[in-house]
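Subject: Structure handover

Hello,

Here is the structure for your files. Please open it alongside this note.

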Amino acid sequence: MNFFDIAAVLVTLATFFGYLNHRFLRLPPTIGILGMALGLSLLLLLVNGLVPWNVHGWASGFLKQIDFTEALIHGMLCFLLFAGALTVDFKSLQANRLPVVILATVGVLLSCVLIGFMARPLFAWLGFAVSMPVCFLFGALISPTDPIAVLSMLKQLRSSRDLEAQIAGESLFNDGVGIVLFFSLLPMAGLGATPDPGPETSPGTKAILFFLEEVGGGALLGLFFGWLGCRALKAIDHPALELLITLSVAMFVYAVSFALNASGPIAVVVAGILIGSWGRSRAMSETSAHHVTVFWEMTDEILNSTLFLLLGLYVLTIAWSRSLVLAALAIIPLALAARWASVALPVFLLRVRCRFPNGIIPILTWGGLRGGLSVAMVLSLPAFRHKELLLSCTYGVVLFSILIQGLTMKRLLTHYKVSR
């Protein structure tokens with residue numbers, strides 16, 4: 001099947017599931033689509049061998065034609081992050097910049113280390129001899145909260161603006177940090193290589209330099225192209241052309257960032273926040289701002305629906321076994337514990353300087369959803385002995401966070417009385 005055929009099947013399925021969810025289930029759209037896609041996958045697994053048609057084989061063969069990592073990290077992520085960044089309340093984000101930066105950097109690093117140390121004995125107890133560097137690599141890919149899943153959840157909730165800024169800001173920035181951390185740890189796990197800054201540089205120093213170059217370079221590129229886009233928007237008053245400017249800024253800054261070894265996700269988020277705040281209020285007319293908002297909202301809805309459909313269907317590509325199911329279930333409380341510690345420590349230290357809403361630690365812990373980004377990173381790994389184990393564990397955490405945490409988050413906000 002060619003690209004158009006695959007896209008036609010995915011969009012049609014997403015539309016069909018979205019229609020059923022809207023008419024009957026009334027769940028948040030992305031969660032409803034994910035749940036029905038997962039249900040379809042489980043049904044195909046159950047009937048496999050009971051019917052004369054190899055439907056499961058056809059479905060898994062169809063999914064294997066899709067490079068999930070390429071589709072998300074080098075495609076969908078650019079548009080989804082830019083669309084999310086446009087909606088961020090800049091004043092609230094600026095007021096909460098310190099906790100957002102600390103949670104998106106120190107929090108991710110702390111969670112990565114904790115998961116790495118806790119995962120190794122757990123895997124050993126289940127009979128998997130996984131090395132420490134691979135455990136840290138797993139920590140890097142599962143620690144960042146997924147901005148796509150988090151922003152989708154926030155659309156359904158009416159939390160306080162400060163809380164929204166903290167949750168959305170952290171998720172938008174820590175995915176870029178997580179991706180950089182993941183690729184920094186690849187060579188230590190023997191599964192990849194980073195740019196070599198010099199023959200006498202130690203592996204640890206290489207990883208740190210790579211990390212700083214990616215994060216700092218991405219932020220600077222985002223500021224420059226975001227500013228350039230705002231200047232272009234201010235110089236004209238043509239809704240269609242202004243919409244095209246926002247689209248070109250998102251795509252070009254993302255492409256240039258990867259070409260210059262900078263973080264594309266961080267660059268596109270910074271550019272999106274700049275255009276969504278300064279550009280929308282000072283450089284666009286009301287008509288142009290409306291056109292831009294509607295376009296990016298529709299783009300966000302279509303790509304989100306397709307992505308969550310893929311997440312639900314991709315269970316068919318995993319060779320499940322009893323030990324892998326146990327590992328996937330056992331890793332969920334471990335990931336939650338690491339998330340709690342990575343939130344609690346920064347919040348405790350920042351309480352002297354920052355004001356936090358009531359129940360901030362349990363809210364940030366339970367609201368730290370994982371999603372397609374973690375799955376894309378684990379699928380990008382080359383074939384090695386424990387790849388199926390890491391994929392199963394990642395999938396278990398992602399499904400639990402979206403289906404269980406996402407559906408119960410509103411109750412938690414109501415309990416702590418932080419809803420608007």
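Below is what was found in it, topic by topic.

**Ground rules**

This is a predicted model, in which local features need pLDDT of at least 70 and side-chain atom pairs count only at pLDDT 80 or more, while totals for chains, interfaces and linings use all residues. Residues are numbered from 1 along each chain as its sequence is written, and side-chain values use heavy atoms, leaving out hydrogens and water.

Helix names below follow DSSP runs (H or I, at least four residues; strands are E, at least two), numbered from the N terminus.

**Salt bridge**

The count comes to 1 salt bridge. The rule asks for a side-chain nitrogen of Lys or Arg within 4 Å of a carboxyl oxygen of Asp or Glu. The partners are Glu-170 and Arg-339, with the closest N and O atoms 2.8 Å apart. This pair links distant parts of the chain: Glu-170 sits in helix α9 (residues 161-185), Arg-339 in helix α14, and 169 residues separate them.

Are the two partners buried or exposed? Glu-170 is buried, at 2% relative accessibility. Arg-339 is buried too, at 4%. The cut-offs: buried is under 20% relative accessible area, exposed is over 50%, and partly exposed is in between (1.4 Å probe, protein chains only).

**Helix packing**

Helix α14 also packs against α6 (residues 97-125). Two packed helices are described by the angle between their axes and the distance between the axes. For α6 and α14 the angle is about 145°, and the axes are 8 Å apart. Axes here are lines fitted to C-alpha atoms, for helices over the stretch in contact, and angles run from 0 to 180 degrees between N-to-C directions.

The α6/α14 crossing is right-handed. By class, the contact of α6 with α14 has 21 nonpolar, 3 polar and no charged residues. Nonpolar covers Ala, Val, Leu, Ile, Met, Phe, Trp, Tyr, Cys and Pro; charged covers Asp, Glu, Lys and Arg; the others, Gly among them, are polar.

**Surface patch**

Which residues form the nonpolar patch on the surface? They are Leu-42, Leu-45, Trp-320, Val-325 and Leu-329, with about 410 Å² of accessible area together. Areas come from the Shrake-Rupley method with a 1.4 Å probe; for residues, only the protein chains shown count as cover. Patch members have over 30% relative accessible area and no salt bridge; nonpolar side chains (Val, Leu, Ile, Met, Phe, Trp, Tyr) are joined within 5 Å, like charges within 9 Å.

Helices α2 (29-47) and α14 (322-350) each supply at least two of the patch residues. Leu-42 belongs to α2. It is partly exposed, with a relative accessible area of 42%.

**Positive phi**

Most residues other than glycine have a negative phi. Please look at two positive cases. Arg-26 has a phi of about 60° although it is not a glycine. Arg-26 lies in the loop between α1 (3-25) and α2, and is exposed at 58% relative accessible area. Asn-261 also has a positive phi, near 60°. Asn-261 is in the loop between α11 (239-259) and α12 (264-283). At 36% relative accessibility, Asn-261 is partly exposed.

**Distances across the chain**

- Ile-142 lies in helix α7 (residues 132-142) and is buried at 0%.
- Ile-332 is in helix α14 and is buried at 12%.
- Val-292 and Ser-392: 100 residues apart in sequence, 39 Å in space. Val-292 lies in helix α13 (residues 286-313) and is buried at 2%.

Best wishes

Definitions and conventions: Left-handed = near helix turned anticlockwise from the far one by under 90°.
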